[in-house]
Amino acid sequence: MAKRGLSSDAARNVRQKGHDHALEFATLIGLESDYRNDQSAKKDVVDHSGDTHSLKSGNKKWQIFLYGKRAFEDDVFQSMNGIGQLLIKCIESFPPKFEDYAKNKSAAKEKCRKPMRMLKDLLQEKRRIRSFINKSMFNAGEVNYLTVRHDDIYHVFLNKDVVTAFANAVEVENSQARTASQVPEQKVIFKYNGTNLAELEMRNDSPIHYRQIRFNMLKPRMMDLLFNTIPLTKKFSNRVFVYGNASKKFGNW
């Protein structure tokens, strides 16, 4: 996954497309054009039952979060048996000012290796992966569904099904140095079938997002995981498909 972020214009275009797709999904399930949403809480669409959907529509990768230190001081991250604390330690491995980091990048990266390695070790336990994914993707269960626009169809998955499928399928490793100039153990990598599915990494390439942690997922591999582990159980319409336990409630209004 590339380290560089999107330009301002590109980021705006991505946000606009996301809003357009959320509106399209809302109308497909019978909502009016003034449908309710709360993007700050990952609630892109609220359906007729009052249930909430996090809608993903990127073709290549999804940014699940990009957080600074304050976010990991949240009670949920702090209650994950050390995950929140280690994420903060990763951030604190880097000096407060980007200018100081730029003078000696390798020193900060070396310091980051230990908490990244400890984080990888903690995430060997499936229950901790479940807690982390539930908070990261569904705001600790406040969001009910992951809804993905894929091949012009909206695919609806229940939060618990996604959390369980992800945790059961992945193996967790640290990144390795590929060249002499790289420092190992700068990321936690979630692998599915031996290939990278998601990465948890420090943002340190520019002052704009310095001392922030980004969690990205590769969309094609995540869709492969979901389609292979959560069965199609309902077709709400020819453009809205429902999977697994989501069919027990979604569309029953």
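The model is predicted, so local features need pLDDT of at least 70, side-chain atom pairs count only at pLDDT 80 or more, and totals for chains, interfaces and linings use all residues. Residues are numbered from 1 along each chain as its sequence is written, and side-chain values use heavy atoms, with hydrogens and water left out.

Start with the cysteines. A disulfide is a covalent bond between the sulfur atoms of two cysteines. Here the term stands for a pair of cysteine sulfur atoms within 2.5 Å. The whole structure holds zero disulfides. C90 is in none, and the nearest cysteine sulfur, that of C112, is 4.3 Å away. C90 is buried, at a relative accessible area of 0%. C112 is also buried, at 0%. Buried means under 20% relative accessible area, exposed over 50%, and partly exposed in between (1.4 Å probe, protein chains only).

Next come the aromatic rings. Rings of Phe, Tyr and Trp (its six-membered ring) pair if their centres lie within 6.5 Å; planes under 30 degrees apart count as stacked, over 60 as edge-to-face and the rest as tilted. The count comes to 25 aromatic pairs. One of them joins F25 and Y154. This pair is tilted, with 5.4 Å centre to centre and 35° between the planes. F25 lies in helix α1 (residues 8–28) and Y154 in strand β5 (residues 153–158), so the pair ties together parts that are 129 residues apart in sequence. Helices (H or I, at least four residues) and strands (E, at least two) are DSSP runs, numbered from the N terminus. Both F25 and Y154 are buried.

F65 and Y67 form a stacked pair, 4.5 Å centre to centre with 0° between the planes. F65 is buried at 2% relative accessibility, whereas Y67 is partly exposed at 23%. Ring pairs link F65 and Y67 with F72, F77, F132, F166, F190 and F215 into a cluster.

Charged side chains come last. A salt bridge is a side-chain nitrogen of Lys or Arg within 4 Å of a carboxyl oxygen of Asp or Glu. The structure holds 19 salt bridges. E185 and R117 meet in one, at 2.8 Å from N to O. E185 sits in the loop between β6 (170–174) and β7 (187–192), and R117 in helix α6 (residues 105–122), 68 residues apart. E185 is buried at 12% relative accessibility; R117 is partly exposed at 32%.

K187 forms a salt bridge with E201, the closest N and O atoms being 3.6 Å apart. Both K187 and E201 are buried. Salt bridges that share partners also join E24, R149, D152 and R239 into one network.
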